[in-house]
Amino acid sequence: MRAPLRRLWLKIHRWIGLSLGPVLALTALLGAVLVVALPIDRYAHPAFFVARSAADAGTATARAALPLEPLRQRILAEFGPTTNFTLRPPRKPGETLWVYVRGPWEGTLYLDPANGAEQGRRGSHEGAYNLLFELHSSLLLEDTGKGILAFVALAYLFLLVTGVVLWWPTRWPPSLRIVLNRGLLRGLFDLHRTGGAVLGLLIAVSIFTGAYMAWRPLGNFISAAVGQQQVKPPVVPKGPASGPRLSLDELVARAQQVFPGQPIGYVQVPAKPDRPLRVRFRLPDDPHPNGIGSAWLHPLTGEVLAVRRWQDLDVGNGAVVVIYPLHTGELGGLAHQAVTVLLGLALCGLGVSGVWLWWRRRAVAAAAARDRALSGSTRTTS
């Protein structure tokens, strides 16, 4: 590559890295920590995650028969009629029932699934794990932070391109040697250069999936790019509802008739009667750990408004079925989670080493300039 063009690519790479690298490094480090922090959080707070009645012989039967309508009335009475909430049934024996509350108070209630007794609650910004998650997903800036992270993540793709251009060898196969016995500066340079070239594409997958989840309009852009219309949730027909109002238990039972015998991932209960109730199912062919296959019902009458599996969605939004577990490391089990941690640490290392190399070289150049100035002054005096 000609020297002027190389200097241009180096300047682009350097200033993108210096301006956005610290944010990338922070979010990558937090992502790696979150993978490890999740089991630690569950171990440190057993009251939130382990049902007190788990040892009872009749827990499974009692859990299945837990009435949901009294639970809905209880939640609305405490948090107000404008509250949305989502039920997450236990996934394994002995787990608690989680209730995500979104209203005047936002957080999670942890209930005993056998009797509905509350075992604890935690606000969305309470606790070390929630704080780490909010920092990682939105920089504590809500939707604004998600947009910033999406921009930073997409800028990394351009940063990767400039890095590969600068690394691209003139002879193949390339040398991936890392020299560690010629000083810290040379060793870090080799690690930054070779590590970025070798791991860059794997890190890009993690970065892109993170951007996709942080900024959901990206899915709509992808669908539009391939000529597909966004598949939107159904709407509740206007006008007064006909027929008696059903209880939450009856609504969920109606949804289960659509996917009989399939475990429920979430029950999303709207606050307003003009929004449909959604029941998500964890179907056997659904890679998403929470399930994407859904039944939408009229929140008053239980009329089934739409039924969709993940294959029925447009490509941009349907891709979340793979993108979510791919980003969190749940797609490939423990080995995938370990790789996710290592990639997060690698990206953090690339960001930190890039800033350090820039600063160190400036310091060395400044010291050399002072030495030359001092040497010139000494010769003049002599």
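**Sheet and helix packing in the predicted model**

In strand 5, F85 has V269 as its bridge partner. The model is a predicted one, in which local features require pLDDT of at least 70 and side-chain atom pairs count only at pLDDT 80 or more, whereas totals for chains, interfaces and linings use all residues. Residues are numbered from 1 along each chain as its sequence is written, and side-chain values rest on heavy atoms, with hydrogens and water left out. Helices (H or I, at least four residues) and strands (E, at least two) are DSSP runs numbered from the N terminus.

The pairing of strand 1 (residues 84–88) with strand 5 (residues 264–269) is antiparallel and comprises three bridges; two strands are taken to pair if DSSP finds at least two bridges between them. L87 is likewise assigned a bridge partner in strand 5, namely V267. Strand 1 also runs antiparallel to strand 2 (residues 97–102), to which five bridges join it, and N84 stands opposite R102 of strand 2. These strands belong to an open sheet of eight, ordered 4-3-2-1-5-6-7-8, with antiparallel pairing. Strand 4 (118–123) and strand 8 (304–308) form the edges, each pairing on one side only. From one strand to the next, the twist averages 15°.

Strand 1 is mostly covered, four of its five residues being buried, where buried denotes under 20% relative accessible area, exposed over 50% and partly exposed the range in between (1.4 Å probe, protein chains only). In helix 9 (residues 248–258), the buried residues are L248, L251, V252 and A255. Viewed down the axis of helix 9, these residues fall within an arc of 95° and therefore line one face of the helix; the arc is that of the directions from the helix axis to the C-beta atoms. Their cover includes helix 4 (69–79), strand 1, strand 5, strand 6 (277–281) and strand 7 (293–297), contact being defined as heavy atoms within 4.5 Å.

A further packing arrangement involves helix 7 (residues 184–214) and helix 8 (residues 217–225), which pack at an angle of about 105° with their axes 6 Å apart. Axes are lines fitted to C-alpha atoms, for helices over the stretch in contact, and angles between N-to-C directions run from 0 to 180 degrees. Helix 7 and helix 8 are therefore roughly perpendicular to each other, a class spanning 65 to 115 degrees, with angles under 35 counted as roughly parallel, over 145 as roughly antiparallel and the rest as oblique. At this contact, F208, A211 and Y212 of helix 7 meet L218, G219 and I222 of helix 8.
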